[in-house]
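Good morning, everyone. Please look at the sequence and the structure on the screen, and I will walk you through them.

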Amino acid sequence: MRRILVTGALGQIGSELVPTLRERLGAERIIASDLRTVPPQAPMGQGPYEHVDCTQPYQILEAVRRHEIGVIYHLAALLSARAEEQPQVAWSVNMDGLYNVLEAARQYRCQVFFPSSIGAFGPSTPRDRTPQVTIQRPTTMYGVTKVSGELLCDYYAARFDVDTRGLRLPGLISHAAPPGGGTTDYAVEIFRQAVRYEHYTCYLGPQTRLDMMYMPDAVAAIIKLMEADAARLRYRNAYNVTAMSFTPAELADAIRRHIPAFAIEYRVDPVRQAIADSWPRSLDDSAARDDWNWSPRFDIKTMTADMLSRSIEKRWAPKGA
Ligand SMILES: NC(=O)c1ccc[n+]([C@@H]2O[C@H](COP(=O)([O-])OP(=O)(O)OC[C@H]3O[C@@H](n4cnc5c(N)ncnc54)[C@H](O)[C@@H]3O)[C@@H](O)[C@H]2O)c1
């Protein structure tokens, strides 16, 4: 059985995907990789770790060859807000990185997972129940790399028969690792601040509705799609998936049911607000439901309860305590 390589494994998704894969398939089969040269301690758990810079083709090829890799989960990327700060670097990491992964996959016959995003849509896309196939004219460098990445995956599947699979993930909420500079990071930070200070200053306006998902559902979706029957998959670029859609004001209300004193104020960051205003408010994920039986477990109520209990468990306690 060939092994699995995860790039960008130390990020928000990798920190939860790697332990789940290790538990399911055995720690030794999962090669975690990222820019850091020193192997990380927990929460990644025991198991092999490699330094792999995805912009360096020989590093990807070498890791795939040496570890006899058969599946690549390609998570390395710059997220939306960081990509807008450094568009040139974002193009290099997001596009050259994916190209290098797909080339290695072509040569060594690997299956590839590519995470696209709601950022692959733009202001001219229908914003409510955004269809699977629709207008994709994003106005951010992040979105440009995600649409291009989707097309590149489609191309490698059609032209070279590489088994590419992708998801258009919404904003992800999790407690294991801090978010990496995206527009929906507020929906993670708010929990830490609620538990520590009963107060949060939000960089998006109160009525900014965005599509969201709790990390256990995202990890389940990734694994379910990768294990799905190839013959049933109509789309090789990426599938819409969604679990919930809410505004900062609605999330604050949900938190207040557990922490009545919680207060939120708004100091809008024009860059991230503009990005959010160009994204869908909710996605139509019926293609994913039809083709590989996707359905989420968590809604805003159950996610909020779980996030708060885990945040308290992790002792995101008041400063100085
Ligand atoms: N987190 C979300 O809300 C979300 C939503 C939609 C899509 N996605 C996509 O999922 C993927 C993973 O997201 P994440 O939230 O875990 O991101 P993250 O920013 O938390 O982690 C990305 C990781 O990539 C690594 N990295 C950066 N440049 C690299 C390089 N040149 N070579 C190797 N590694 C490099 C970073 O060190 C980091 O550990 C990305 O493609 C992202 O666009 C994330």
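Let me start with how residues are sorted: Ala, Val, Leu, Ile, Met, Phe, Trp, Tyr, Cys and Pro count as nonpolar, Asp, Glu, Lys and Arg as charged, and the others, Gly among them, as polar. Now the ground rules. This is a predicted model, where local features need pLDDT of at least 70, side-chain atom pairs count only at pLDDT 80 or more, and totals for chains, interfaces and linings use all residues. Residues are numbered from 1 along each chain as its sequence is written, and side-chain values use heavy atoms, with hydrogens and water left out.

First topic: the cavity. A cavity is a set of points, on a 1 Å grid over the protein atoms alone, where a 1.4 Å probe fits but cannot get out; lining residues have an atom within 4 Å of a point. Points are joined across faces, edges and corners, and the volume is the space filled by probe spheres set on them. How many cavities of 30 Å³ or more are there? The count is 1. The largest cavity has a volume of about 50 Å³. Its lining is H74, A76, A77, N94, F114, T145 and K146. That lining divides into 3 nonpolar, 3 polar and 1 charged.

Next, the sheets. Helices (H or I, at least four residues) and strands (E, at least two) are DSSP runs, numbered from the N terminus. Two strands pair if DSSP finds at least two bridges between them. I4 stands opposite I30 in β2.

Another open sheet has 3 strands, ordered β7-β9-β11, with mixed pairing. β7 (171-173) and β11 (244-246) each have a single partner strand, so one side of each is left without a neighbour in the sheet. β7 and β9 (residues 210-214) run parallel, joined by 3 bridges. There, I173 stands opposite Y214 in β9.

Last stop: Q56. Where does Q56 lie? Q56 is in the loop between β3 and α2 (57-66). The C-alpha atoms of Q56 and H67 are separated by 17 Å.

Notes: On a 1 Å grid over the protein atoms alone, a cavity is a set of points where a 1.4 Å probe fits but cannot get out, and a pocket is an open set with protein on both sides within 12 Å along at least five of seven lines; lining residues have an atom within 4 Å of a point.
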